[in-house]
Structures are given as C-alpha cells and as structure tokens.
Amino acid sequence: MTEPEAVDILLVEDNPNDAELTQRALKKTSLAARVEIARDGAEALEYLFSRRPKPRVIFLDLKLPKIDGVEVLRRVRNDDNTRSIPVVVLTSSQEERDITECYKLGVNSYVVKPVEFDKFYKAVSDLATYWLILNKSPL
Amino acid sequence: MTALGAHRAPLQRESATMTTAEDVEILLVEDNPNDVELTLRALQKQNLASKVFVVKDGAEALDFIFAAGAFANRKVEHLPKVILLDLKLPKVDGIEVLRRIKSDDRTKHTPVVMLTSSQEERDVLNTYNLGVNSYIVKPVDFSHFVHAVSELGVYWGILNKVPY
C-alpha cells in the first residue's frame, strides 16, 4: 500500500491556457506546490468527495462545464468534510452579482484574473505564496 | 496643540483620530503596542498605513464595526476591506468578535484575517468554522513579521475583491 500523496492546491479550471499558465507560474515559485487539476465542476466535486487527500486550498474558476463554480462552492461549504477548506475564486468575472454570491456562500477570497500575462503570472505566484506559506489551513 | 511628535502621527494613528474612521480600509484589532507599531510600519512600506485604523480591544472593535459608542456617528455600511483580528484581546476576545461579524448580515461579507500567536489546532478549526477568511500565525522573528504583514496587506488591500 502506498500512502496517497498530499495535495496543496486543487486547481479547478477548464481553460487549458489558464491552467497551463497557472501551473507554469507555480513551478517558477520555490514552493514546490503539489497541484491537482480538475477540468470542470463535476471533476472537482468527484475529487473532493472521494477518499483522496484534501487540498490545503482550492483555486476555483466560476464559469465551468457541467457544474459551475458557484455550485461547487455551495457543495463544499455544505459538507462537514470539506466545509473548512479555504476556497479562493479565481475568475475573469468582475460582476458584482458573482462577487456577492460567492461571499454569501462563504468564499475565503475572490480574485479577478488579470488579463495581462505578466500580471496574471504575478497574481498566481502571490496567491500561492499567501495560501501555502502565510495562511494556516485547518488540517 | 503642539507640533511635538506630529511627524510620528502615521505610526500612532489611534482611535481618537475620529476624522479617518469613515474611509478606513484596514481595521487592526490588536492590544499589544509593539505589534501595532510593527504592523503599521510594515503597512507603511506598502503605502497602506494611511488607511489603517487601530482599536485595542474586542469591545472597541465591535463599537467600531457596528457604529456604536464612541463610533456612533460612523456608518456600518462603510466597511473596511479587511479586518486583522488578534485572538487574545481584553474585554471581548477575538473569537467572539469574529462570531458577531460573521453572524450579522451587514458585516458577514467583510474579510476577517486572524493574526495571532496561537498555533493551536483548536483555534484554527474554531475560527474557520465561524467563517474566518484566513488564519495567520504571527512570525516570532521581527523581519519575518514585517514581511508577513506587508504580504497580507497587499493581498487583502489590493489583490482580493470585496462585494462592496
């Protein structure tokens, strides 16, 4: 029996370019973050509600195939096993309605993806540093 | 009124400075004067210090947040971008302050970050269950503390988006 490997970040992202960029930005940091990628909301929930190791933080896109990000957030917050996992919404939506809805459901943080390549890179690296080094997750 | 110490004002902004209570972006709830000073210095490096308001115990924090007592002429709707909250506080402790913020519809969406020396798993879990947005253990080392505060200032002051 091998121990299931610990996961630092569950990245829920359907856009392959954004996923690739995010992973590259993470590799550039000295964090050696272990990242698991889910390509849609259903995959994210399947991962989270399996017996696999819980991530220390979830980076969650909002517009996702099958099950959208808001619904993923709602289910995560409604289950005792996943309720306290920090969730950061990382999205291109700046809509007031989305922001309010996410906070209402108990999101830990809401970050708008910078459009510019360099800024996106920097934001991902700042996010990872904050949630993996500075923040203490309840595990 | 003397000019004495006026140049130190940005580092000593206290609850007596009522004029700034409306456009506060960071509310710091901290009873230890050394930690207050260090935190303000770190935020100043990021040009965020002018938006900070300091309260020194849990009761004062609740007065500020809910516009009561000395802060009765504030408006509750003028929410800060983030509240940095110590756990062990005089009068009303941090857990209770957090509970009150997160159970009131007017304030529950305001990000609250615990900034504490407690590493106890029980405190971590308790605060997450009450809806804390983030939990940060104060680094013991001076320069690490300054670095941590400056990163967290940038994160919640600039990167994070609030719904108001």
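Please keep in mind that the model is predicted. In chain A, helices H2 and H3 come together at a crossing of roughly 15 degrees, while chain B holds an open sheet of 5 strands.

**Helix pair in chain A**
- Helix H2 (residues 41-48) of chain A and helix H3 (residues 69-77) of chain A have axes that come within 9 Å.
- Angles under 35 degrees count as roughly parallel, and H2(A) and H3(A) are therefore roughly parallel to each other.
- The crossing of H2(A) past H3(A) is right-handed.
- On the H2(A) side, Gly41(A), Ala44(A), Leu45(A) and Leu48(A) make the contact, and they meet Gly69(A), Glu71(A), Val72(A), Arg75(A) and Val76(A) of H3(A).
- Sorted by class, this contact has 5 nonpolar, 2 polar and 2 charged residues.

**Where chain A meets chain B**
- Chain A gives 18 residues to the contact and chain B gives 19 residues.
- On the chain A side, helix H4 (96-104), strand E5 (109-112) and helix H5 (117-134) each supply at least two residues.
- The side of chain A that touches chain B has 9 nonpolar, 6 polar and 3 charged residues.

**Sheet in chain B**
- The strand order is E2-E1-E3-E4-E5 (chain B), with parallel pairing.
- Strand E2 (52-55) and strand E5 (134-137) of chain B each have a single partner strand, so one side of each is left without a neighbour in the sheet.
- On average, neighbouring strands of this sheet are turned by 20 degrees against each other, direction ignored.
- Strand E1 (residues 26-29) of chain B runs parallel to E2(B) and is joined to E2(B) by 4 bridges.
- Opposite Val29(B) stands Val55(B) in E2(B).

Terms used. Residues numbered from 1 in each chain as written. Chains lettered and ligands numbered in written order. Predicted model: local features only at pLDDT ≥ 70, side-chain atom pairs only at ≥ 80, totals over all residues. Axes fitted to C-alpha atoms, helices over the stretch in contact; angles between N-to-C directions. Parallel < 35°, antiparallel > 145°, perpendicular 65-115°, else oblique. Left-handed = near helix turned anticlockwise from the far one by under 90°. Contact = placed C-beta atoms within 7 Å. Nonpolar A, V, L, I, M, F, W, Y, C, P; charged D, E, K, R; others polar. Pairing = 2+ DSSP bridges.
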